[in-house]
Amino acid sequence: MKNTLLIFLVLIVCFPGASPAELFNNPGTNVGKKNLVVGISYSYSLHDYELDTDKLPTSSKRIMLKVTTGLTDWLDIYIKGGGTNLQLDYMENDSNAIKNFDSDYKAGFGMGARIRLLNFPNSQTRVFLEGGGFYFKTDDSIEWEYIDRTLIKNRDMKWADYYAGLGIVKRVDFMDITCGVGFSEIQWWLRDTYEIHQGNSITWDRKDWRDSYEVKNPLFGFFGIDFILPYEYRISAQAGIRDLDNAEVSIALTQGLERR
C-alpha cells in the first residue's frame with residue numbers, strides 16, 4: 001500500500017500538471033451496460049514535434065468534461081469536451097525569437113470506445129483495448145527580432161490526435177492499477193500570415209494551409225491508478241512516457257451516476 005501511494009505522489013510531483021496524445025484512464029474498468037460515468041480531468045503534455053523547425057518543444061494543457069456509458073457489459077463509448085491551449089516554444093532553440101506561440105484556451109472535443117477483451121473475476125484482472133480521437137482549433141502569433149527587421153507569424157492551427165492502446169487493469173484493495181502500451185500520432189494543419197516590419201514599412205504575405213502527420217516514435221507506455229471512493233467516486237492519475245523529452249500526465253475526478 002505504501003509503495004502504491006508513493007507512485008501516486010511521484011506522478012503528481014514529477015510531472016507538473018498533464019496532451020497532444022491521449023491517455024487511457026478514469027475509470028480503469030469498464031462502466032458496464034446502462035451505467036453512466038461523468039468526470040472532469042486536467043492534463044498536461046510535453047513533446048518535441050516538427051512544424052517549421054526541428055525538435056520544436058510543444059506543450060498543451062487541457063481541462064475536459066468526459067461522459068462514458070456502457071452499451072454492453074464489454075463495450076463502453078465516451079465523448080468529451082472542454083478547453084485546451086497550445087504552446088510552441090521557439091525561444092528555446094532560437095535566440096532571435098522574442099515571443100512564443102501561446103494560445104488562449106480554445107474549445108476541443110473528442111470521442112472513443114473501450115472494449116473489454118478478457119475478464120478474470122477470480123484474480124480481478126481485465127484486459128482492454130481502447131481507441132479514439134481529439135480535435136481542436138487555435139491561433140496566436142510568433143515573433144522574431146533581427147538587426148534590420150521584425151518578423152511576425154500570425155498562425156491559425158487545427159490539431160487532431162489519434163490513439164489506441166492495449167492495457168491490463170488489476171484490482172488491489174480499493175484501487176484499480178492500469179498499465180499497458182499505446183500507439184498515438186497527431187495531424188496538424190497550419191496557415192501563416194507573415195507580417196514584416198522593416199523601418200517604417202510593413203509587408204504582408206499569407207501562405208496556404210499545409211498539413212503533416214507526426215508519426216515519429218509513436219509507441220508509449222502508460223501507468224495509472226484509480227482510487228475507488230464511496231458513492232462511486234474515483235480519483236485517477238496516469239502517466240504516459242515515450243522518452244525523456246515526451247511525456248504526459250492526467251488527473252481526473254469521476255462519479256458513476258447509476259448503481260449496478
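**Close-up 1. Strands 13 and 14 side by side.** In this predicted model, strand 13 and strand 14 (residues 246-256) run antiparallel and are paired over ten bridges. To find your way into the view, look for Ser236: the residue standing opposite in strand 14 is Ala252.

**Close-up 2. Strand 13 meets strand 12.** Here we turn to strand 13 (residues 233-243) and strand 12, an antiparallel pair joined by eight bridges. Two facing pairs make handy landmarks. Phe227 has Ile235 of strand 13 opposite it, while Ile225 faces Ala237, also in strand 13. What lies between the two strands of this hairpin? Four residues separate strand 12 from strand 13, and in this hairpin Tyr231 adopts a positive phi near 60°.

**Close-up 3. Strand 12 meets strand 9.** Strand 12 (residues 219-228) also pairs with strand 9 (residues 175-198), in the antiparallel sense and over nine bridges. Which residue of strand 12 is the bridge partner of Met175? That partner is Phe227, which we have already met standing opposite Ile235 in strand 13. The side chains of Asp226 and Arg234 come together in a salt bridge, with 3.3 Å from N to O. Are these two residues buried or exposed? Both Asp226 and Arg234 are buried. As background, side chains of opposite charge can pair when their charged atoms come close.

**Close-up 4. Asp52 reaches Arg155.** In this salt bridge between Asp52 and Arg155, the closest N and O atoms are 2.7 Å apart. Asp52 sits in the loop between strand 1 (36-49) and strand 2 (56-70), and Arg155 belongs to strand 8 (residues 150-172), so the contact ties together parts that are 103 residues apart in sequence.

**Close-up 5. Neighbours Asp148 and Arg149.** The side chains of Asp148 and Arg149 form a salt bridge, 3.2 Å from N to O. Arg149 is partly exposed, with a relative accessible area of 32%, and Asp148 is partly exposed too, with 42%.

Close-up 6. Stepping back from the close-ups, the count of salt bridges comes to 13. Of the 260 residues of the protein, 46% count as buried. The accessible surface of the protein is about 13,200 Å², with 59% of it belonging to carbon and sulfur atoms.

Note on methods:
Residues numbered from 1 in each chain as written. Predicted model: local features only at pLDDT ≥ 70, side-chain atom pairs only at ≥ 80, totals over all residues. Heavy atoms only, no water. Buried < 20%, exposed > 50% of the residue type's maximum accessible area, 1.4 Å probe, protein only. Areas by Shrake-Rupley, 256 points an atom, 1.4 Å probe, with all protein chains shown as cover. Pairing = 2+ DSSP bridges. Salt bridge = Lys/Arg side-chain N within 4 Å of Asp/Glu carboxyl O.
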